[in-house]
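Colleague: I have not worked with this protein before. Could you take me through the model?

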Amino acid sequence: MAYAVFALEPARFLGSIDASRDTLGKPRMKLLEIVSRVRELTKNADYAVIGGLAQILWARKTHTDDLDVALSSAVINEAHASVGKMLADPAWALPQSPDSSRESDEVFEVCHLLYQGSVVDLIAFKNSRFNREILTTSQAVHELDEVRFIRPELLLVTHLLRPGPGAALAAVELIIARQRLGGMDMNEVQRWSDEVGRGERLQRVLTQARSLDII
């Protein structure tokens, strides 16, 4: 399903990112350039922008400080090795100690990288079917040089996978935004939430949204 209605029009999307970075006291992120460099690093592998930047596009969230990109686990391992062995563009770097360049739990594995001072997290979800669905159904945004973003249904499921009230709030914000802009395929959301073991959490989030008389 293609979405013609964004919460924030692409022409204003980059300006919103700049404002977010300014608010956080961070150097401005050259998003389109960094995504292009990620594609070079990963040899044009299937990918999707996820996390806070996708939330800005689909729900008009205003603050984020890094770029999260979903990829396959194998691609992430190759990219990490390339940067670690200094075989990639020298603008890429690994975080300095005590920060770690790798993180893994039962939900996802992450490779933390730096590109000219911007944090770039390469992420693979442990549920391979869900990860593959994110990559193969990502939506290219023509006005943003065809950068590919996770679809809102799957973005909602990624929020359910993260612990804590912040993730639940992001999920509610996304539901509210999409309902105002034409809705989401909630059958698909339920299916993938069940697939990753977050069906009950989805119902709690929906209850929160209903308490606000949104849905």
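Predicted model: local features only at pLDDT ≥ 70, side-chain atom pairs only at ≥ 80, totals over all residues.

Colleague: Which elements have the lowest and the highest mean pLDDT?

Modeller: The lowest mean, 67, belongs to helix α1 (residues 10-23). Helix α5 (residues 128-136) has the highest, at 98.

Colleague: Let us turn to helix α4. What should its 12 residues span, and how far apart are its end C-alpha atoms?

Modeller: Helix α4 covers residues 73-84, and at 1.5 Å a residue it should span 16 Å. Its end C-alpha atoms are 16 Å apart, which agrees.

Colleague: Which residues of α4 are buried?

Modeller: They are V75, I76, A79, H80, S82 and V83. These residues lie on the same side of α4, because they cover an arc of only 165 degrees around the axis.

Colleague: Why would residues three or four places apart point the same way?

Modeller: An α-helix has 3.6 residues a turn, so residues at that spacing point the same way.

Colleague: And what covers the buried residues of α4?

Modeller: The cover includes helix α2 (31-41). It also includes the strands β3 (92-93), β4 (102-104), β5 (108-115) and β6 (118-125).

Colleague: What follows α4?

Modeller: M86 follows α4, and the phi of M86 is positive, near 60 degrees.

Colleague: Is the crossing of α5 and α8 left-handed or right-handed?

Modeller: That crossing is left-handed. R129, F130 and E133 of α5 make the contact with E188, W192 and E195 of α8. The axes of these two helices come within 9 Å and cross at roughly 145 degrees.

Colleague: One last topic: where is E106, and is it buried or exposed?

Modeller: E106 sits in the loop between β4 and β5. Its relative accessible area is 66%, and the cut-off for exposed is over 50%, so E106 counts as exposed.

Colleague: How far is E106 from F125?

Modeller: In sequence, E106 and F125 are 19 residues apart. In space, they are 8.8 Å apart, C-alpha to C-alpha.

Technical notes. Residues numbered from 1 in each chain as written. Heavy atoms only, no water. pLDDT = per-residue confidence, 0-100. Helix = DSSP H or I, 4+ residues; strand = E, 2+ residues; numbered from the N terminus. Expected span 1.5 Å × (residues − 1). Buried < 20%, exposed > 50% of the residue type's maximum accessible area, 1.4 Å probe, protein only. Arc of directions from axis to C-beta. Contact = heavy atoms within 4.5 Å. Axes fitted to C-alpha atoms, helices over the stretch in contact; angles between N-to-C directions. Left-handed = near helix turned anticlockwise from the far one by under 90°.
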